[in-house]
Amino acid sequence: MPSPAYLKKIRPVQLIAIVFFTVSGGPYGLEPLLTYAGDHGALLVLLITPLLWDVPAIFTVLELNAMMPITGGYYRWVKYAMGLKWGFYEGWWTWLYTFVDLAIYPVLFVQYASFFFPGLEAYKIPICLIIIWSSAGLNILGIVPVGKVSLFLSAAVLAPFIVLFGVAFYHHTGGFSIPSPSLKEVAFPSLGMALYTVMWNCLGWDNTTTYAEEVDKPVRSYLISIFSAFVLVIVIYVLAIWVAQQSGINHDILTGSGFPALGTLIGGHWLGALIALGGMASTLGIYAAVLLSVSRVPQVMSEDNLLPEKLNRLHSRFQTPYISIIICSIVVSLMILWTFADLLIIDVTVYGAGLSLEYIALIKLRIKEPDTVRPFKIPLNVAGLCGLVLLPASVYFIALAGAVSSTPQTIRPAVFAIVALLSAEVAWWVIRWTRPVKLSS
């Protein structure tokens, strides 16, 4: 069944906003980094991790998307290169990780809203449910409304930090300094959690390709949008952590109260309130953008008879996979009771496994189809690509080992993530038993 012809398509400026929110949404959630890595390790981890973790992923996404700019993105890339089973693994793992990822944002919204309404945590569940289902309604309306809302919320997220940076530079007395970079005093478990913090704040580049057929001139648009978003993300992150260091804020206060506490310290209550509003806008924008990407995966998996056909049903007016959006929202509604730290570990661990299949697909397609037209191609041969893949793999396993060697509180979500990965094999055999004719054809 071919993908439908979409009524409206978005342009690069809207895509930049969606990519920004899918991957980042501002530095909100980065606050624990100083606690984990300290003043001397925070900027070092923040600069090195994206180079090892994100840059290989971005290049992989751009090359594969240039070859196949189609709805379903990474699921269809892996299926084409490695077969239906591994395509299912990719879709299943990404579905699981995104449920976890989506559950984080309504919880963070409540945390930032508590700046204005202390004690709001007591009403966390109903507030989270309102956010979840409001976003479901927006996504059912289509990608263009999501793009417009993301563009507006991007300004609402960036403006408070631009003000924060300006006030910090204006009021700062004396010289600026950068702590000497060092990881000598960072314990291995803390290093693992620092890596997880940065990795989580920089993941999701492949998620933005699942709706490629809804993007105007997708190859060129993704090339412009992804690189623009990457530069924007890194600059905002580095400035946010550096300003926090220059302010002398207590690391535990920053972790517990977030960037609104930093704003209050530097500029007063008004600036703290402005940053808290930005945090609320950030979580809303990220949620809508991530839901947009994940809702397209069950749609294309159902086309391959890997999931029930009802998931492929499109809204008669908006041509959006509304059944998939509703089911995603139901599952996320059941997961909002997890703690932020637990969700972080599960999220990155499961995501990294799915990303590894995309790297394998990249290398395999270079071997099988070396002459296929690639409007964007990584300037490396197969051996070079294998070396490139080792960079994110090393970061991934160091972070996982650090979490496992930490306290029992961090071991539990790490083990849960591994069990979630193994569930793909169980689900695959269930599908083989229930849909043998389609799978064998």
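Predicted model: local features only at pLDDT ≥ 70, side-chain atom pairs only at ≥ 80, totals over all residues.

**Helices and rings, step by step**

Trainee: What describes two packed helices?

Mentor: Two packed helices are described by the angle between their axes and the distance between those axes.

Trainee: Which residues in α2 and α15 meet?

Mentor: From α2 come Thr49, Leu52, Trp53 and Pro56, and they meet Leu388, Leu391, Pro392, Val395 and Tyr396 in α15. Sorted by class, that contact has eight nonpolar residues, one polar and no charged ones.

Trainee: How do α14 and α15 pack?

Mentor: Helix α14 (residues 340-368) packs with α15 at an angle of about 165 degrees, and the axes are 11 Å apart. An angle over 145 degrees counts as roughly antiparallel, so that is the name for α14 and α15. Their contact includes Ile345, Val348 and Gly352 of α14, with Val382, Leu385 and Cys386 among the residues of α15. By class, the contact has 15 nonpolar, two polar and one charged residues.

Trainee: Is Met67 buried or exposed?

Mentor: Met67, which is in helix α2, is buried because its relative accessible area of 16% is under 20%. Met67 and Val373 are 306 residues apart in sequence, yet 6.8 Å apart in space, C-alpha to C-alpha. Met67 also touches Leu365, Glu369, Thr372 and Arg374.

Trainee: Now the rings, please. What describes a pair of them?

Mentor: A pair of aromatic rings is described by the distance of the centres and the angle of the planes. This structure holds 19 aromatic pairs. In one of them, the rings of Tyr28 and Phe161 have centres 5.1 Å apart and planes at 70 degrees, so the pair is edge-to-face. Tyr28 sits in the loop between α1 and α2, and Phe161 in helix α6, so this pair ties together parts 133 residues apart in sequence. Both Tyr28 and Phe161 are buried.

Trainee: How are the rings of Phe59 and Phe376 arranged?

Mentor: Their centres are 6.1 Å apart and their planes at 25 degrees, so the pair of Phe59 and Phe376 is stacked. Phe59 lies in helix α2 and Phe376 in the loop between α14 and α15, so the pair ties together parts 317 residues apart in sequence. Phe59 counts as partly exposed at 26% relative accessibility, whereas Phe376 counts as buried at 17%.

Methods. Residues numbered from 1 in each chain as written. Heavy atoms only, no water. Contact = heavy atoms within 4.5 Å. Helix = DSSP H or I, 4+ residues; strand = E, 2+ residues; numbered from the N terminus. Nonpolar A, V, L, I, M, F, W, Y, C, P; charged D, E, K, R; others polar. Buried < 20%, exposed > 50% of the residue type's maximum accessible area, 1.4 Å probe, protein only. Axes fitted to C-alpha atoms, helices over the stretch in contact; angles between N-to-C directions. Parallel < 35°, antiparallel > 145°, perpendicular 65-115°, else oblique. Phe/Tyr/Trp six-rings, centres within 6.5 Å; stacked < 30°, edge-to-face > 60°. Lists of a residue's contacts leave out its neighbours within four places in sequence.
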